[in-house]
Amino acid sequence: MVKIAPSMLSADFAHLASEIQEIESYGVEYLHIDIMDGTFVPNISFGPMVFKAIRAQSQLIFDCHMMVQNPERYIDDVVKAGADIITVHAEATQHLHRVLQQIKAAGVKAGVVLNPGTPLTAVEPVLDMVDMVLIMTVNPGFGGQAFIESMLTKISQLKQMRDQAGLDFEIEVDGGVNDKSGRQCIEAGADVLVAGSYIFNAEDRQAAVESLR
């Protein structure tokens, strides 16, 4: 069954702990945490100290998406704050293999992220060492963007690469996910759906989660 990863970026920051606890009660598996530096993406979100504050109040798997330049500088802080999975952009570092080794050595799961304009060949050499590949279906940096349908082909191609190589990493999708695009992603091969505004802005959040299932 598909896993659901609500994006903390769309939660009410004034009531963050209660927002996360509410979403957790609906049976979601992951909490997707976007860390933005204002350099790699044109926006700034929150650092490790923010989600560290709610770590003790949640049993969710903390899925930390690092939208930062040179992520190797921050891996240790993100791990100490309570990350379970750390994904880094292939476009953000000159030493992708080394960063993934660094994450693994810290005892957490490692993943790689691809922007819409980046081909799968950019991560093919490291697919055997990752636990997750995150396909961005919008250009990263802001919530509420429209889903880029041409990324469905990339998802299906990645699934084919995984199957042919006999690998078992999860395929995660982030950007413009709702009940329609989410179904398309699952049919293309996605295992994890990240959804922010679709869940947190819904009148009935539990129904929104269930619609993604």
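**Entry 1: Ser181**

I looked up the neighbours of Ser181 to begin with. Leaving out residues up to four places away in sequence, Ser181 touches Phe147 and Gly176; contact here means heavy atoms within 4.5 Å. I noted that this is a predicted model, where local features need pLDDT of at least 70 and side-chain atom pairs count only at pLDDT 80 or more, while totals for chains, interfaces and linings use all residues. Residues are numbered from 1 along each chain as its sequence is written, and side-chain values use heavy atoms, with hydrogens and water left out.

Is Ser181 buried or exposed? With 3% relative accessibility, Ser181 counts as buried. The cut-offs, for a 1.4 Å probe and protein chains only, are under 20% relative accessible area for buried, over 50% for exposed, and partly exposed in between. I also found a polar atom of the Ser181 side chain 2.9 Å from the backbone oxygen of Gly176. A polar contact is a pair of N or O atoms within 3.5 Å; within protein, one must be able to donate a hydrogen and the other to accept it, and residues adjacent in sequence count only if both atoms are side-chain atoms.

**Entry 2: helix H6**

Helices (H or I, at least four residues) and strands (E, at least two) are DSSP runs, numbered from the N terminus. Which residues of H6 are buried? I wrote down Ser181, Gly182, Cys185 and Ala188, in a helix that covers residues 179–188. They are on the same side of H6, because they cover an arc of only 125° around the axis. The arc is that of the directions from the helix axis to the C-beta atoms. On the other side of H6 I found Lys180, Arg183 and Glu187, which are exposed.

What do the buried residues of H6 pack against? My list has helix H5 (151–165), strand E7 (170–174) and strand E8 (192–195). Then I checked both ends. At the start of H6, the backbone nitrogen of Lys180 has a side-chain oxygen of Asn178 within 3.0 Å. Just after H6, Gly189 has a positive phi of about 130°.

**Entry 3: Asn70**

Most residues other than glycine have a negative phi. Asn70 is in the loop between strand E3 (61–67) and helix H3 (75–81). It is partly exposed, at 30% relative accessible area.

**Entry 4: cysteines**

How many disulfides does a search of the whole structure find? I got 0, where a disulfide is a pair of cysteine sulfur atoms within 2.5 Å. Cys64 is buried, at 0% relative accessible area. Cys185 is buried too, with 0%.

**Entry 5: strand E3**

I followed strand E3 through its partners. 6 of the 7 residues of E3 are buried, so the rest of the structure largely encloses this strand. Strand E2 (residues 30–36) runs parallel to E3, and 7 bridges join them; strands pair if DSSP finds at least two bridges between them. In this pairing, Ile33 stands opposite Cys64. E3 also pairs with strand E4 (residues 85–89), in the parallel sense, over 4 bridges. There I found Met66 opposite Val88. From E3 the chain crosses through H3 to E4, and this β-α-β crossover is right-handed. Right-handed means that, with the strands pointing away from the viewer, the path from the first strand over the helix to the second runs clockwise. E2, helix H2 (residues 48–55) and E3 make a right-handed β-α-β unit as well.

Where is Met8 found? I located it in the loop between strand E1 (3–6) and helix H1 (16–24). Met8 is buried, with 0% relative accessible area. Among the residues it touches are Leu16, Ile20, Ile33 and Phe46. The C-alpha atoms of Met8 and Gly196 are 7.0 Å apart, although 188 residues separate them along the chain.

Ser7 is in that loop between E1 and H1, and is buried at 5%. The contacts of Ser7 include His32, Asp34, Gly196 and Phe200.

Last, I checked H1 itself and found Leu16, Glu19, Ile20 and Ile23 buried. They cover an arc of only 95° around the axis, which puts them on the same side of H1. E1, E2, H2, helix H7 (197–200) and helix H8 (205–212) are included in what covers them.
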